[in-house]
Amino acid sequence: MPELPEVETTRRGIAPHITGRTVSRVIVRDARLRWPVPRRLAADLAGQMVEHVGRRAKYLLLETARGTAILHLGMSGSLRLLPAASPPRTHDHVDVLFGEQCLRLHDPRRFGAMLWTEDDPLAHPRLRDLGPEPLSTAFDGAYLHAVARHRRIAIKALLMDGHVVVGVGNIYATEALFRAGIHPQRSCRRISRPRLEQLVGEVKAVLDYAIARGGTTLRDFLNESGQPGYFAQELFVYGRAGQPCKRCGTRLKSRAIGQRASAYCPSCQH
DNA sequence: AAATTCTCCTGAAGGC
DNA sequence: TGCCTTCAGGAGAATT
């Protein structure tokens with residue numbers, strides 16, 4: 001599923017191919033995404049030049065002089081660059097054509113979104129209340145400590161709260177907590193500041209590393225075969241419940257936190 | 001206000 | 001082989 005590193009990888013992958021290019025046509029085959037694709041989007045985006053491809057949290061921003069297309073890949077979405085003549089397959093919901101080139105949105109579960117705004121995209125209702133970017137200096141130990149001390153939820157739920165920090169999904173929250181040796185269910189207000197500072201460092205490290213590894217995914221992405229699992233073999237705990245801890249050998253456990261499976265090592269994490 | 005639960009959807013996996 | 005059930009999962013909406 002697209003986590004922040006994959007969205008950023010996607011951004012870096014498509015940006016050089018569409019920045020400065022003008023949209024010749026937009027085809028919406030199925031507008032039934034998380035929210036309906038606005039009817040006016042196709043007409044408004046057509047004829048516009050993409051000035052910049054931005055990202056906020058897991059939202060991709062195709063910025064033009066007239067407005068900005070806001071895309072979210074949900075959990076099964078992907079963007080591919082293809083020849084415009086490529087026949088669409090099932091779940092290929094939107095094409096943004098640039099002459100002979102096509103940027104195609106594919107999303108089987110339709111949890112993704114494609115919106116349109118003519119105003120400042122950062123002021124859009126979907127973006128305006130989001131927390132800081134995890135890789136920015138605004139997300140540091142002091143910040144997380146200040147937030148955590150006033151909340152009474154599990155630390156993992158706090159990390160995954162987009163109002164606190166964006167882009168940290170189930171995989172990276174799970175991995176960062178393992179690396180920091182913190183039990184995912186520990187109350188966030190009962191974690192010392194030094195440990196929170198370490199946790200922040202681990203969040204940044206795992207995201208940085210995954211983005212760096214995203215280069216490989218990027219080529220696959222551009223070539224067409226959306227190859228999965230580029231990071232999977234390096235995961236310490238995510239999806240490994242029942243298997244031995246790679247650090248100490250203890251059988252990993254899993255329990256639900258906020259409706260989400262959360263794997264952890266009962267020996268390494270406290 | 002914050003915490004919790006519900007919801008969207010499809011494909012994969014498991015049971016029989 | 002195949003049908004039925006269960007579940008995952010981002011994140012906004014609804015509820016407590």
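Analyst: A backbone N or O atom of Arg152 lies 2.6 Å from a phosphate oxygen of DNA strand B, a polar contact being a pair of N or O atoms within 3.5 Å. This is a predicted model, in which local features need pLDDT of at least 70, side-chain atom pairs count only at pLDDT 80 or more, and totals for chains, interfaces and linings use all residues. Residues are numbered from 1 along each chain as its sequence is written, chains are lettered from A and ligands numbered from 1 in the order written, and side-chain values use heavy atoms, without hydrogens and water.

User: How far from a phosphate oxygen of DNA strand B does a polar side-chain atom of His91 lie?

Analyst: His91 is one of the residues around DNA strand B, where a residue counts as near if one of its heavy atoms lies within 4 Å. For a polar side-chain atom of Arg110 the distance to a phosphate oxygen is 3.0 Å, and for one of His91 it is 2.7 Å.

User: What separation is found between the centres of domain 1 and domain 2?

Analyst: The domain assignment, automatic or from a database, places domain 1 at 4-123 and domain 2 at 141-264 in chain A. With contact taken as heavy atoms within 4.5 Å, 17 residues of domain 1 touch 14 residues of domain 2. Taken over C-alpha atoms, the separation of the two centres is 28 Å.

Note on methods: Polar contact = N/O pair within 3.5 Å; in protein donor to acceptor, adjacent residues only side chain to side chain.
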